Structure formats: C-alpha cells, structure tokens
Amino acid sequence: SGNMNEIIKGINYAFNQKYNISGNLNFAKGGEDDGKTLTNGISSTIYSENCFVIFEGIDSINTVSVDLGKVYTDLSFVSLNGIYEDGKNASFDPTKVSILVSHDGKQYTPIDVFIIKNKEDDSISSEINEYYCVFPNSILARWISVTFVNISKYLYISEIKIVIEWYILKE
C-alpha cells in the first residue's frame, strides 16, 4: 500500500558493523563488497552509485549475517534497502525474507516478522526499494541473520539496518 507518507526512524545499530554474506554473489555487473558496503550508512536506489551488492539467480537463496558487536535487548526491526536497474532483469522484491537471531553466534532462533514493503514514492510504476522486517516484540540479540530468495535474475542490496527505538512520523 505504498509508503502511506510514513517515515520510519530509529537508531541503526548495524552501522559500520561487520557482516558475513553467503549466496550467489555477482560483481560482474558492478557493485562491490569491502566488508562495509552493506553497513556504511549509504543507501541508494541509483544503480550508478555502485554502493551495493548483487545476488544472482532466480530462486537463489542468499544470507547476510550482521554482528552488532554486543547484545542489544530492544531490537525492533531490520530494514533492507534495494536498488533496481531497469525492472526487467533486476528488482528488489525478494519472494521470501526470513530472520534468525542469536545472542552467542552459535544458536540461532527464527523470528516471525511482519513485512512492510516501502516504495520510493507512491506512484504505481515506482519500484519497491525498502523492506522493513518488524519484530512482533523487542528482540534480544547480537547476531541477526537475514535470508532472502531472489524473485528476478538479479537482486541488489545497498544497505541493511538493524534498528531499535523506532517510531513513525506522519508527513
């Protein structure tokens, strides 16, 4: 239902934190991963800005796991920012997103999340460029693992945020 002119704000605890990626990565079409690409605070919907990671293959299963550096007790949601190139070969609308959390990095627990798809603007032609995976209640965790399945040949992610103390501003 578009973004209903709501802006979701909060403190991003993934900022500049380390993460691991597994999946079918492809850098031939651009993009890069220097170990901070997805947590450097730069999210873009523009393909030419090159601050993104590309996952290739329809139905490919990909995972990004972020280490927050310490256990937080009040995590509210994970957001994924995506990029679309031309809408034909690439989009940002994974068929399935699942979240696992851990306080020790060894034992992970799946969390049911409520997905909010956000668009760059309210127009029908606008592509989805952000996924909010909202926890049903506050989560205690240090490691957050996000797994998603590609819907199109390429899926571009430019930023992952893990947020506490979130609130919604009506524009």
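This is a predicted model: local features need pLDDT of at least 70, side-chain atom pairs count only at pLDDT 80 or more; totals for chains, interfaces and linings use all residues.
Local features are reported at pLDDT of at least 70 and side-chain atom pairs at pLDDT 80 or more, while totals for chains, interfaces and linings use all residues. Residues are numbered from 1 along each chain as its sequence is written, and side-chain values use heavy atoms, with hydrogens and water left out.

Buried stands for under 20% relative accessible area, exposed for over 50%, and partly exposed for values in between, with a 1.4 Å probe and protein chains only. Strands (E, at least two residues) and helices (H or I, at least four) are DSSP runs, numbered from the N terminus.

Contact means heavy atoms within 4.5 Å. With neighbours within four places in sequence set aside, the contacts of Val-78 are Ile-99, Tyr-131, Tyr-132, Cys-133, Phe-135, Ile-144, Val-146, Ile-160, Lys-161 and Ile-162.

One of those partners, Ile-99, is a residue of strand 5. Ile-99 counts as buried because its relative accessible area is 1%. Beyond four places in sequence, Ile-99 is in contact with Val-78, Thr-109, Pro-110, Ile-111, Val-113, Cys-133, Phe-135, Ile-144, Ser-145 and Val-146. For Val-113, the separation from Ile-99 is 14 residues in sequence and 7.4 Å in space, C-alpha to C-alpha.

Strand 5 also has a pairing partner. Strand 6 (residues 109–111) runs antiparallel to strand 5, and the two pair over 3 bridges; strands count as paired if DSSP finds at least two bridges between them. Leu-100 has Pro-110 of strand 6 as its bridge partner. The two strands make a hairpin with 6 residues between them, and in the turn Gly-105 has a positive phi of about 80°.

Apart from residues up to four places away in sequence, Thr-73 touches Ser-138, Ile-139 and Leu-140. Thr-73 and Ile-139 are 66 residues apart in sequence, yet their C-alpha atoms are 6.0 Å apart.

Aromatic rings supply further links. Rings of Phe, Tyr and Trp (its six-membered ring) pair if their centres lie within 6.5 Å; planes under 30 degrees apart count as stacked, over 60 as edge-to-face and the rest as tilted. The count comes to 3 aromatic pairs. One of them joins Phe-55 and Phe-148 edge-to-face, at 5.1 Å centre to centre and 80° between the planes. Because Phe-55 lies in strand 3 and Phe-148 in strand 8, this pair ties together parts 93 residues apart in sequence. Both Phe-55 and Phe-148 are buried. Another edge-to-face pair is that of Phe-77 and Tyr-132, with 5.4 Å between centres and 80° between planes. Phe-77 is in strand 4 and Tyr-132 in strand 8, 55 residues apart. Phe-77 is buried at 3% relative accessibility, and Tyr-132 is buried at 7%.

Side chains of opposite charge can pair when their charged atoms come close. How many salt bridges are found in the whole structure? The search finds 1, the criterion being a side-chain nitrogen of Lys or Arg within 4 Å of a carboxyl oxygen of Asp or Glu. The partners are Arg-142 and Asp-67, at 2.7 Å from N to O. Arg-142 is partly exposed, at 24% relative accessibility.

Two loop residues remain. Asn-16 is not a glycine, yet has a positive phi of about 60°. Asn-16 sits in the loop between strand 1 (6–12) and strand 2 (19–22) and is partly exposed at 37% relative accessibility. Asp-59, also a residue other than glycine, has a positive phi near 70°. Asp-59 belongs to the loop between strand 3 and strand 4 and is exposed, with a relative accessible area of 54%.
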